[in-house]
Amino acid sequence: MKNYDIVIIGGGPAGLAAAVSAKQSGIDSILILERDKELGGILNQCIHNGFGLHTFKEELTGPEYAERFIVQVKELGIEYRLHTMVLDIRSDKTVSAMNSEDGLFEIQAKAVILAMGCRERARGALNIPGYRPAGIYSAGTAQRLVNMEGYMPGREVVILGSGDIGLIMARRMTLEGAKVKVVAELMPYSGGLKRNIVQCLDDYGIPLKLSHTVVDIKGKERVEGVTLAQVDEKSKPIPGTEEFYSCDTLLLSVGLIPENEISRGMGVEMNPVTSGPKVNESLETNLEGVFACGNVLHVHDLVDFVSEEAAAAGRNAAAYVKETVNTSEEREIGLVATEGVRYTVPSIIRVAHMEDNLKVRFRVGSVYQNCFVSVYFDDERVLHRKRQVLAPGEMEEVKLSKEQFLQYPKLQKITFKIEEE
């Protein structure tokens, strides 16, 4: 059995950034395990631009952004294995994996970084009535077909769900000559970034129907059309509001789910809201020496934030391996998300392990206008920031400093909430 200081599961943007950061923090024995045939993850099929504005201060396409990190990994001599499927990780951080070259093998790690990304929610989760004809794709599958395989999924398209991939595919299909008839969204607000609604729908005259869903799919062999209906506050279709759209393709952009089967199997405690692991300020799970970052932790809207978070996970894993963390004071402070805030990452802070500044990221559960993001230390309000608009599609962040915590030696909990005044 081979031994490594840090084993990283996943060679996408999170895994690459974590590896580079760990190496720069002084750890030489690092291995990345990636199941695909190349590094870069989902970025390889995201050929649109808009990546890298925060990280590299320039606008890059997905493959260009990935290439920056792949080059660093190779220059730093970080070991990686492609075509490698991780089957299981035991609580003692023994990784079981297999590939065609080595067969079934085991690796002993001192620290593990989970960076498996996320997957799309499938049609089966939606319970749409109708047959199972050809022409129904998840938006990510359609993106791969168009951008990497050179296939056109269809010519007349309806998109269900206004997540960022769905919005980007509305523009992509239009540019390839398809007619995108409508984007329907179950919620009364879009799940995507505002800039994507403007650049991908408004600029191309594609209508966005909020509070609408697909209630029927027509066609046995191939999709011939779909019926949309308006929904009420309980997401139930309203009789009499049905509209039929003839089309040969239905794209589903109905949410992303962190890829956490391996995490659950090894006993990592999950957050029911994010479907990702619960982590502390070091992005460490309830299992000592097991860290999580990127979309496996919670679904991000920008890859720049994934890289930033993964770099922190790499630094923290390196500190764990080198045992340079001060553990003299193990005070734990719980973070509570309430009144409009759905979750926070992290969910526990140990002040002794903190860097000087810590970014707490969170999402809201609805659209809020002219409101305040408030943070309470126990019952004392320490932050009250005015915001014009808050939306579920945009991730928010608050910076907390170690200095602040030192002023509250008996602090028990930190509460995040949205307030009207």
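**Close-up views of a predicted model**

**View A. Arg381, with a relative accessibility of 39%, counts as partly exposed.** "Buried" here means under 20% relative accessible area, "exposed" over 50%, and "partly exposed" in between (1.4 Å probe, protein chains only). The model is predicted: local features need pLDDT of at least 70, side-chain atom pairs count only at pLDDT 80 or more, and totals for chains, interfaces and linings use all residues. Residues are numbered from 1 along each chain as its sequence is written; side-chain values use heavy atoms, without hydrogens or water. The side chain of Arg381 forms a salt bridge with that of Glu419, at 2.9 Å from N to O. Because Glu419 belongs to strand S27 (residues 413-419) and Arg381 to strand S25, the pair ties together parts that are 38 residues apart in sequence. Glu419, at 13% relative accessibility, counts as buried. A salt bridge requires a side-chain nitrogen of Lys or Arg within 4 Å of a carboxyl oxygen of Asp or Glu.

**View B. Arg361 and Glu397 meet through their side chains in a salt bridge (3.2 Å, N to O).** Arg361 sits in strand S23 (residues 357-364) and Glu397 in strand S26 (residues 396-401), so the pair ties together parts that are 36 residues apart in sequence. Strands (E, at least two residues) and helices (H or I, at least four) are DSSP runs, numbered from the N terminus. Arg361 counts as buried because its relative accessibility is 5%, whereas Glu397, at 28%, counts as partly exposed.

**View C. Arg350 and Glu281 form a salt bridge at 3.0 Å, N to O.** Arg350 is part of strand S22, while Glu281 belongs to the loop between strand S18 (276-277) and S19, so the pair ties together parts that are 69 residues apart in sequence. Both Arg350 and Glu281 are buried. In the whole structure, the search finds 23 salt bridges.

**View D. The largest nonpolar core comprises 68 residues.** Such a core is a set of buried Ala, Val, Leu, Ile, Met, Phe, Trp, Tyr and Cys residues joined through side-chain atoms within 4.5 Å. Among the residues with the most contacts inside the largest core are Ile6, Leu33, Ile89 and Leu114. Helix H7 supplies the largest share of this core, nine residues. A second, separate core of 24 residues includes Val341, Ile349, Val373 and Ile418. Not counting residues up to four places away in sequence, Leu33 touches residues including Val7, Ile8, Arg81, Val95 and Ile107; contact means heavy atoms within 4.5 Å.

**View E. Gln404 lies in helix H8 (residues 402-406).** With 24% relative accessibility, Gln404 counts as partly exposed. When neighbours within four places in sequence are left aside, Gln404 is in contact with Phe377 and Lys399. Gln404 and Tyr245 are 56 Å apart in space, C-alpha to C-alpha, and 159 residues apart in sequence.

View F. Ser235 is partly exposed, at 31% relative accessibility.
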